[in-house]
Amino acid sequence: MSSLRTLLRTVALVGLSAALIAPTAAAHAEPSPADLTRRIETSSAELERVVESYNKLTEDIKVNKAAVARLQARIGPLEQQAEQSRADVTALANSAYKSGGLRTADALLRPGGSAALLDRLGTLDQLTRQRQERISGFTDNQRRLLAEKKRLDATLARQAAQARELAAGRTRIEKDLAELYELRRQAYGAATERPAPKAAEVEARKAPAVAGDAGTAVRYAYGAIGKPYVWAGEGPGGYDCSGLTLAAWRAAGRSLPHSARMQWGAVAHIGKGDLRPGDLVFYSGLGHVALYVGEGQVIDAPSAGRNVLKRGMNMMSIHGYGRVT
């Protein structure tokens, strides 16, 4: 009996020791390839949202720069008008004194003037209106100039703030990329997939015969297969998702912004049943976009570390479909 109790105590102690040791051992265990893959997918999705936000900010800065250029183009003539108004007022005052304008007015007010009272008043009114019109023109031009300068200053301030935000965004993306590439190295032995130019050659021969501008965009996308994902890239060496769709349609002579969300706002929205090659497929959160090439397939730049590829369009939840018009 005593030997049985001793055995039970021993078993209990061994079990307790195992329970105490197991969590520590688990905490130091290397992540499995499946765990690494899940972390890579999560990090890639998060990074893509950051990259697309960066792309949108870049597009906003382009808009601001164009607005600054337009304002500066308007300010130049306004400054000339304001200067001319100042010169006109000065000339009016000089003329009044030097050519007798004020002497004439003064004579009209003196008793015994040759003109009738109404004529005198009419002449004075005309002189006054002339002066007021000149001064009013000067004031209006000055006001317009000041308003334009105020708008320009506000636009430039926004642009400067966006530039600072852009720099911070680049820093964050580079840090996130370094972490993602390290995860890929641990999981796959390499931080990035090797570019596969031969894959593009093989796939390009499979490109469907599509007419018109859509056909040009589709053929361009096939030619990009195997090229690396490059954040904020729009070719020809590499692409991110919206950079690829932008470049494909740019080859067809159409302009799209470098942002999935902004592209969604720039295209005509269509139903799934209306999809045809060259249309764009947008994914949940508008953080990813791909080019539809027919038969349920899209070509896209998937995520950092990977290459452009053709795959089934249902690889993630779809937000909607768009046509470049």
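Colleague: Let's start with Leu286: where does Leu286 lie?

Modeller: Leu286 sits in the loop between strand 2 and strand 3 (289-294). Helices (DSSP runs of H or I, at least four residues) and strands (runs of E, at least two) are numbered from the N terminus. Please keep in mind that this is a predicted model, where local features need pLDDT of at least 70, side-chain atom pairs count only at pLDDT 80 or more, and totals for chains, interfaces and linings use all residues. Residues are numbered from 1 along each chain as its sequence is written, and side-chain values use heavy atoms, leaving out hydrogens and water.

Colleague: Why is Leu286 called buried?

Modeller: Buried means under 20% relative accessible area, exposed means over 50%, and partly exposed is in between, using a 1.4 Å probe and protein chains only. Leu286 has 7% relative accessibility, so Leu286 counts as buried.

Colleague: What makes the phi of Leu286 worth a remark?

Modeller: Its phi is positive, about 50°, although Leu286 is not a glycine. Most residues other than glycine have a negative phi.

Colleague: Which label does Ala232 get, and why?

Modeller: Ala232 has 29% relative accessibility, so Ala232 counts as partly exposed. Ala232 also has a positive phi, of about 65°, without being a glycine. You will find Ala232 in the loop between helix 6 and helix 7.

Colleague: How do you know that the bond between Gly235 and Pro236 is cis?

Modeller: Look at omega: for the peptide bond joining Gly235 and Pro236, omega is about 0°, and the bond is cis. Most peptide bonds are trans. Pro236 lies in the loop between helix 6 (212-224) and helix 7 (241-251).

Colleague: Now Leu275: why is Leu275 called buried?

Modeller: Leu275 has a relative accessibility of 14%, so Leu275 counts as buried. Leu275 belongs to the loop between strand 1 (268-270) and strand 2 (280-283).

Colleague: Which residues does Leu275 touch?

Modeller: A contact means heavy atoms within 4.5 Å. Leaving aside residues up to four places away in sequence, Leu275 touches Ile270, Tyr292, Met313, Tyr321 and Arg323. Tyr292 is 17 residues apart from Leu275 along the chain, and their C-alpha atoms are separated by 7.8 Å.

Colleague: What makes up the protein chain overall?

Modeller: The protein chain has 8 helices and 6 strands, in the order α-α-α-α-α-α-α-α-β-β-β-β-β-β along the sequence. Of its 325 residues, 34% are buried.
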